[in-house]
Amino acid sequence: MGMIVTTTPTVEGHPVEEYLGVVTGEAILGAHIGRDILATFTDIVGGRSAEYEEEVQNARQVALEELGSEAKRRGANAVVGVDIDYEVIREGMIMVSVSGTAVRIT
């Protein structure tokens, strides 16, 4: 079984053998001027900004990979109670942070 990452506090049918601590992952994405202009235009005409959506998805994936790597280093095979947060840290920069509890399940 590979690393299970879930927002739920448990993995159904798999009791927790050991809690291994809180693990985290972060990724910061910076917007580019060209994308900013395109996103502004898209927002004005009422569409979705696919460029920004893709960047946010990539940042979230990087953060989740970091979370999984840290959990694996601790000997976990699952991370439960995962929380994903998005925060603007300054104009043009967004941080995606994830945290959860690394566990070993059966």
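Biologist: What share of the accessible surface of the protein chain belongs to carbon and sulfur atoms?

Modeller: The accessible surface of the chain comes to about 6600 Å². Of that, the part belonging to carbon and sulfur atoms is 53%.

Biologist: In which element of the protein chain is confidence lowest?

Modeller: The chain averages a pLDDT of 87, and 81% of its residues score at least 70. Strand β1 (residues 4–5) sits at the top with 98. Where pLDDT is low, the predicted coordinates should not be read in detail. The lowest mean, 53, belongs to helix α1 (residues 33–44).

Biologist: Now threonine 6: is it buried or exposed?

Modeller: Threonine 6 lies in the loop between β1 and β2 (16–30). The cut-off for buried is under 20% relative accessible area. Threonine 6 has 17% relative accessibility, so it counts as buried.

Biologist: Which side chain does threonine 6 join in a polar contact?

Modeller: Leaving aside neighbours within four places in sequence, threonine 6 is in contact with Val11, Val79, Val80, Gly81 and Val82. The polar contact is a side-chain one, at 2.8 Å, and the partner is threonine 8.

Notes:
Residues are numbered from 1 along each chain as its sequence is written. This is a predicted model: local features need pLDDT of at least 70, side-chain atom pairs count only at pLDDT 80 or more; totals for chains, interfaces and linings use all residues. Side-chain values use heavy atoms; hydrogens and water are left out. pLDDT is the predictor's confidence in each residue, from 0 to 100. Helices (H or I, at least four residues) and strands (E, at least two) are DSSP runs, numbered from the N terminus. Accessible areas come from the Shrake-Rupley method with a 1.4 Å probe; for residues, only the protein chains shown count as cover. Buried means under 20% relative accessible area, exposed over 50%, partly exposed in between (1.4 Å probe, protein chains only). A polar contact is a pair of N or O atoms within 3.5 Å; within protein, one must be able to donate a hydrogen and the other to accept it, and residues adjacent in sequence count only if both atoms are side-chain atoms. Contact means heavy atoms within 4.5 Å.
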